[in-house]
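Some notes on the contact between the two chains follow. Please read them beside the coordinates.

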Number of protein chains: 2
Amino acid sequence: MKALTPEPLTRENFAPFGQVIETAGAHHYPINSGNCERFHDLARVELGGVHARPLISILRSKSYALPLTLGMVERHPLGSQAFYPLSAHPFLVVVAPDQAGIPGTPRAFVTGPGQGVNIAMNTWHGVLTPLEADADFLCVDRGGEGNNLEEHFFAKPWLIRAP
Amino acid sequence: MKALTPEPLTRENFAPFGQVIETAGAHHYPINSGNCERFHDLARVELGGVHARPLISILRSKSYALPLTLGMVERHPLGSQAFYPLSAHPFLVVVAPDQAGIPGTPRAFVTGPGQGVNIAMNTWHGVLTPLEADADFLCVDRGGEGNNLEEHFFAKPWLIRAP
């Protein structure tokens with residue numbers, strides 16, 4: 001089985017797939033008479049298609065253990081999808097470039113403390129994958145009309161190793 | 001000085017001012033082969049005016065202690081503003097009904113574990129007010145053109161008591 005080893009997530013290595021939502025390195029400025037710092041506009045929320053609107057949801061996911069077998073990725077042709085963890089545990093982010101309508105070689109990232117992601121519209125990605133413990137995530141994605149889900153099942157699954 | 005005592009935050013008592021973002025009582029359904037539960041569409045994100053788009057930001061606020069003096073409330077005529085805490089501590093939410101263009105008698109709420117709020121467009125509210133400890137919040141609000149801030153300074157400040 002072909003195998004991947006996850007990389008630590010950074011703004012730079014995730015840039016082809018979306019944005020890392022984090023305070024480190026972000027533009028920020030004081031508000032509320034200096035009592036609060038605003039780390040501003042950390043993600044590009046994309047809302048395509050008809051009657052599109054942003055949704056705020058909470059996702060409560062069971063945890064996964066590495067190594068794991070990646071059999072499927074999906075993408076959302078009509079909108080981006082942001083996930084921000086509500087716990088201190090890392091999560092695994094799997095994405096893949098598109099190659100003529102199907103996913104190419106996947107890449108895997110493991111988040112550090114305080115990191116969330118915004119997966120760009122129409123970007124192949126694995127399901128939400130908390131590590132170490134079950135976890136809640138705040139999710140900002142797209143509601144509206146139309147089919148916003150495409151799934152791809154790999155002929156040969158990928159093995160994602162422990163980092 | 002006129003005084004207010006905060007109430008525990010509930011969907012019902014906050015309904016005139018926006019939505020409580022919480023899993024309790026929310027519509028939910030399984031995703032990801034049953035490994036994840038989605039508590040769906042918990043807030044009404046409002047995006048008014050020209051070139052409006054949703055922003056995802058992180059707000060890092062110093063904490064406040066009760067009792068406190070409330071001298072000012074503000075409102076955003078062009079968009080809603082959601083705050084979800086990234087820590088387990090409560091925060092204070094102050095809002096006020098509009099009375100002919102100025103805020104009426106304020107109401108104060110204290111959040112419970114896992115509760116965030118989405119303050120409706122053009123609703124008078126106090127600044128972000130974490131209690132007990134400095135805290136980070138994920139914020140979803142509106143970017144775009146136009147003046148999206150109106151402030152009102154009370155002629156006589158309000159005292160907000162400890163609950």
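Which residue is the bridge partner of A:Arg38 in β6(B)?

1. The partner is B:Leu59. The model is a predicted one, and the points below should be read accordingly.

2. β5(A) runs antiparallel to strand β6 of chain B (residues 53-61), and the two pair over four bridges.

3. On extent: chain A gives 39 residues to the contact, and chain B gives 39 residues. The size of an interface is often expressed as the accessible area lost when the parts come together. For chain A and chain B the buried area is about 3300 Å², with 60% of it from carbon and sulfur atoms.

4. Four salt bridges are counted between chain A and chain B. One salt bridge joins the side chains of A:Asp141 and B:Arg38, with an N to O distance of 2.9 Å. Polar contacts across the interface of chain A and chain B amount to 18 residue pairs, both residues being at pLDDT 80 or more.

5. Which elements of chain A give two or more residues to the side that touches chain B? They are β5 (36-39), β6 (53-61), β8 (81-85) and β16 (135-143). The largest share of that side is from β6(A), with nine residues.

6. By residue class, the side of chain A that touches chain B consists of 23 nonpolar, eight polar and eight charged residues.

Notes. Residues are numbered from 1 along each chain as its sequence is written. Chains are lettered from A and ligands numbered from 1 in the order in which they are written. This is a predicted model: local features need pLDDT of at least 70, side-chain atom pairs count only at pLDDT 80 or more; totals for chains, interfaces and linings use all residues. Side-chain values use heavy atoms; hydrogens and water are left out. Contact means heavy atoms within 4.5 Å. Buried area is the accessible area (1.4 Å probe) that two parts lose on being put together, summed over both. A polar contact is a pair of N or O atoms within 3.5 Å; within protein, one must be able to donate a hydrogen and the other to accept it, and residues adjacent in sequence count only if both atoms are side-chain atoms. Ala, Val, Leu, Ile, Met, Phe, Trp, Tyr, Cys and Pro count as nonpolar, Asp, Glu, Lys and Arg as charged, and the others, Gly among them, as polar. Two strands pair if DSSP finds at least two bridges between them.
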